[in-house]
Amino acid sequence: MYKDKRIAVVIPAYNVEDQILEVLRSVPDFVDYVIVVDDSSRDRTYEICKKVEDQRLIVLRNPLNLGVGGATTAGFSMALKLDADVVVKMDGDGQMDPRYLKPLIEPLIAGQYSYTKGNRFLHSQALKTMPKIRLFGNFVLTFLTKMTSGYWHIFDPQNGYVAIRKEALQDLSLETLARRYFFENDMLVNLNIYRHRVKDIAMPAIYGNHPSFLKVRRIVLSFPVYLFTRFWYRIYQKYVLRDFSPIALFLLSGLPLVLWGTVFGGYVWWRAIHTGTLTTTGTVMLAVLPFLVGFELILQAMILDINESPR
């Protein structure tokens with residue numbers, strides 16, 4: 001136990017036979033449970049883990065490959081059954097430094113926060129080792145995730161080195177969380193609905209030789225759809241069902257006005273160019289005024305949402 005709290009480490013593992021032993025050896029002694037979830041690996045990951053002699057170790061195996069989210073939620077469910085007070089997620093590829101496990105769980109032990117996560121952008125020197133395509137992708141996804149999740153103060157949302165208190169984990173519907181690479185983002189969305197406090201923990205980026213299964217094309221095509229749908233899910237759950245807020249009213253009023261102003265304004269502009277006739281002031285105002293009013297409503301909703309962000 002660590003400061004009278006039971007600590008569980010969940011390790012989703014997929015084709016990491018060369019890294020998993022070192023990861024298991026690196027787990028600190030104060031951890032009570034080490035839960036490895038083999039996500040139907042095609043190599044010897046599962047067999048290697050089963051041979052490890054560690055009384056803390058519990059090895060599970062998904063019969064089908066469910067992705068990092070599916071493997072992690074299976075581990076989270078087991079941690080809840082074991083009545084762990086704090087649950088940490090570490091990947092099985094050795095890219096998460098166990099020295100940062102204590103800084104990750106300290107705010108949770110103190111009861112100040114419900115969820116902590118790594119932030120590689122606070123380490124400027126170590127950040128230089130991050131591949132440029134990942135760096136750019138993280139900047140874009142960070143802004144979009146801020147808007148989607150409602151946590152405007154966090155950064156590096158794709159960082160998978162996370163820790164969560166039992167009470168926060170019990171609030172989440174684990175079976176409905178995203179199963180693959182959107183998992184960390186979806187965690188933030190659901191935590192925000194229940195107004196749990198989230199804290200970034202500075203830690204360096206580590207990149208080994210293990211290949212990444214994250215495909216840029218898949219991210220570009222799928223993430224905008226995920227983010228859009230989860231944004232509206234959060235707005236509905238938090239600002240309609242649980243506490244009807246002006247935020248929902250402003251968004252539902254502002255978006256149609258902006259859409260009308262954009263579409264009608266574009267049509268008027270196109271017609272003026274192709275017919276060579278001047279557009280009357282009244283017609284222009286029918287496009288400009290709804291657009292401006294709608295934009296102000298959306299901006300006000302964003303400001304209120306930022307103020308609502310749990311810190």
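1. Basis. Because the model is predicted, local features need pLDDT of at least 70 and side-chain atom pairs count only at pLDDT 80 or more, while totals for chains, interfaces and linings use all residues. Residues are numbered from 1 along each chain as its sequence is written, and side-chain values use heavy atoms, with hydrogens and water left out.

2. Overall make-up. The protein has 11 helices and 7 strands, taken as DSSP runs numbered from the N terminus (helices H or I, at least four residues; strands E, at least two). Its C-alpha trace spans about 80 × 40 × 40 Å along the principal axes. Of the 311 residues, 49% are buried (under 20% relative accessible area, 1.4 Å probe, protein chains only).

3. Contacts. Among contacts (heavy atoms within 4.5 Å) between residues at least 6 apart in sequence, 77% join residues at least 24 apart.

4. Largest nonpolar core. A nonpolar core is a set of buried Ala, Val, Leu, Ile, Met, Phe, Trp, Tyr and Cys residues joined through side-chain atoms within 4.5 Å. The largest one has 33 residues, and Ile11, Val88, Leu101, Ile105 and Tyr161 have the most contacts inside it. Elements that each supply at least two of its residues include β1 (7-13), β4 (86-89) and α4 (101-109). The largest share, 5 residues, comes from α4.

5. Ile105 and the second core. Leaving aside neighbours within four places in sequence, Ile105 is in contact with Tyr2, Ile7, Phe30, Val86, Val88 and Ala163. A second, separate core has 24 residues, including Ala79, Tyr115, Leu172 and Met187.

6. Asp186. This residue lies in helix α8 (residues 183-193) and is buried, with a relative accessible area of 2%. Not counting residues up to four places away in sequence, Asp186 touches Thr176, Leu177, Ala178 and Arg230.

7. Second largest pocket. Its volume is about 360 Å³. A pocket here is an open set of points on a 1 Å grid over the protein atoms alone, where a 1.4 Å probe fits, with protein on both sides within 12 Å along at least five of seven lines; lining residues have an atom within 4 Å of a point. Of the 18 lining residues, Met147, Phe228, Phe231, Trp232 and Leu255 are the closest to the centre of the pocket. The helix α9 gives the most to the lining, with 7 residues. The lining divides into 15 nonpolar, 1 polar and 2 charged residues.

Key: Buried < 20%, exposed > 50% of the residue type's maximum accessible area, 1.4 Å probe, protein only. Points joined across faces, edges and corners; volume = space filled by probe spheres on them. Nonpolar A, V, L, I, M, F, W, Y, C, P; charged D, E, K, R; others polar.
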